[in-house]
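Me: I would like to go through some of the terms used for this model and ask what each of them rests on. Could we take them one at a time?

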Amino acid sequence: VAGFIGDQETAWRYLSHGGIESYRAARDYQQHARKLGYEPFSDEQMNELATLRTDLLNEFGTEFDTQYGWAAHVLGKRPTFRDIEERADLAHYRPFYRMASHPTHAGPKALDHDLGLIAGSKVMLAGPSNAGLADPGHSMCISLGQVTVFLLQHDPSTGDLVTMNVLMALTDAAGDAFIEAHQQLEQDAATEDESVSTE
């Protein structure tokens, strides 16, 4: 998202889209509030949110009413998150996103893919683990570095350029450290398996 928002108009639309999100959240809450044991919003509160939504659609168009409607004016269509990734030239990170999503979401891959287990493990993870951190850890460093660079690029000074280069070097060093720790963990697990099998 930070890589996509490159001008004031898109930034304004992104911030304004909070009104659409508020209306949608309130509508869902209103529908289920009593079943959840909560007090629904008043008609006045719902009317205020509906009026804000109408004003935003009048200002930005009907495509603004979609989940990523704030990006519609740039893409010229009803956007998806994949469209935003591609436009920001970051779609190549999607495989890592999908891999990290498997154990988090209730898809069938969650049953046989767990980042917190070392490959070949025959147990079901039930608690924290220090395994499987290399790719997510490095990806987190890359994301933080990219967001910082996107922000610094808006009005960069010489110091900002130096900071960007240092951030990229630190990101590479962190990636190397994550891989080294992962390889050591795998080696330790293999040694432990060997000692168990010889007993």
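Predicted model: local features only at pLDDT ≥ 70, side-chain atom pairs only at ≥ 80, totals over all residues.

Me: What makes the meeting of H1 with H2 a contact, and which residues take part?

Reply: Contact means heavy atoms within 4.5 Å, and under that criterion Tyr14, Leu15 and Ser16 of H1 meet Gly18, Gly19 and Ile20 of H2. Sorted by class, this contact of H1 with H2 holds three nonpolar residues, three polar ones and no charged ones.

Me: Why is the pairing of arginine 13 with glutamate 9 called a salt bridge?

Reply: The rule asks for a side-chain nitrogen of Lys or Arg within 4 Å of a carboxyl oxygen of Asp or Glu; the closest N and O atoms of arginine 13 and glutamate 9 are 2.7 Å apart, and therefore the pair qualifies. Both residues lie in helix H1, four residues apart, which is about one turn of the helix. By this rule the count comes to four salt bridges.

Me: Which residues make the nonpolar surface patch, and which element gives the most to it?

Reply: Val1, Trp12, Tyr14, Leu15 and Phe81 make the patch, which covers about 490 Å². H1 gives the most, with three residues, and leucine 15 lies in that helix.

Note on methods
Residues numbered from 1 in each chain as written. Heavy atoms only, no water. Helix = DSSP H or I, 4+ residues; strand = E, 2+ residues; numbered from the N terminus. Nonpolar A, V, L, I, M, F, W, Y, C, P; charged D, E, K, R; others polar. Patch = residues over 30% accessible without salt bridge, like charges linked within 9 Å, V, L, I, M, F, W, Y side chains within 5 Å. Areas by Shrake-Rupley, 256 points an atom, 1.4 Å probe, with all protein chains shown as cover.
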